[in-house]
Amino acid sequence: MPTHQETKHLPYSAQQMYDLVADVERYPQFLPWNAAARIRSREACGDHELLLADLVISFKVFREKFGSRVKLYDAERRIDTEYLDGPFRYMKSWWHFREAEDGGCDVEFFVDFEFKNAILQKVIGVVFNEAMHMIVRAFEKRAAALYGSGA
């Protein structure tokens with residue numbers, strides 16, 4: 001079903017971008033279609049921190065809550081997300097942040113999902129690539145607001 005993958009070079013450190021994406025509770029402040037976020041639980045699990053998080057997505061007349069298992073690998077600057085419950089048949093995504101040799105960092109993002117609701121899936125399918133680019137741009141704008149024009 002819809003998948004999106006992209007790599008971007010940004011003028012911020014890998015740690016800054018990792019911290020920004022790992023701060024799930026602040027998503028409603030800057031992410032399009034994200035109406036609310038709540039951390040159900042947070043637990044240290046050896047090489048990663050495990051969050052169970054709820055996000056509320058709001059798009060046109062649709063408003064749905066979904067739960068995710070978010071694994072934060074600070075040492076690797078990697079974030080893996082798996083779907084728990086809500087409007088999807090499945091959903092997985094990951095972010096990976098690497099320092100770039102010429103300064104800044106390279107950010108890799110991947111998402112793959114399918115909605116249970118065929119109507120919502122069809123609506124999202126029409127604007128999927130644009131929506132994914134908007135989400136990545138929202139993280140870029142948030143980084144500029146938090147960290148200035150570059151690290």
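**View 1. Elements around the second largest cavity.** In this predicted model, the lining of the second largest cavity receives at least two residues from each of β1 (3–10), β7 and α2. Of these elements, β1 gives the most, with four residues. The volume of the second largest cavity is about 60 Å³.

**View 2. Residues that line the second largest cavity.** The lining consists of Glu6, Thr7, Lys8, Leu10, Met17, Trp95, Val107, Phe109, Val136, Phe139 and Glu140. Sorted by class, these comprise seven nonpolar, one polar and three charged residues.

**View 3. Centre of the largest cavity.** The largest cavity has a volume of about 690 Å³, and the count of cavities of 30 Å³ or more comes to two. Its lining is made up of 34 residues. Among these 34, Leu55, Ile57, Phe66, Met132 and Ile135 lie nearest the centre of the largest cavity.

View 4. At least two lining residues of the largest cavity come from each of the strands β3 (48–59), β4 (62–73), β5 (78–85), β6 (88–99) and β7 (105–115). The helix α2 (118–147) likewise supplies at least two. The largest share of this lining, seven residues, belongs to α2.

**View 5. Residue classes in the lining of the largest cavity.** Here the lining holds 28 nonpolar residues, together with five polar residues and one charged residue. For the second largest cavity, the corresponding classes hold seven nonpolar, one polar and three charged residues. Both β7 and α2 supply at least two residues to the lining of the largest cavity, and each also supplies at least two to that of the second largest cavity.

Terms used. Residues are numbered from 1 along each chain as its sequence is written. This is a predicted model: local features need pLDDT of at least 70, side-chain atom pairs count only at pLDDT 80 or more; totals for chains, interfaces and linings use all residues. Side-chain values use heavy atoms; hydrogens and water are left out. On a 1 Å grid over the protein atoms alone, a cavity is a set of points where a 1.4 Å probe fits but cannot get out, and a pocket is an open set with protein on both sides within 12 Å along at least five of seven lines; lining residues have an atom within 4 Å of a point. Grid points are joined across faces, edges and corners, and a volume is the space filled by probe spheres set on the points. Ala, Val, Leu, Ile, Met, Phe, Trp, Tyr, Cys and Pro count as nonpolar, Asp, Glu, Lys and Arg as charged, and the others, Gly among them, as polar.
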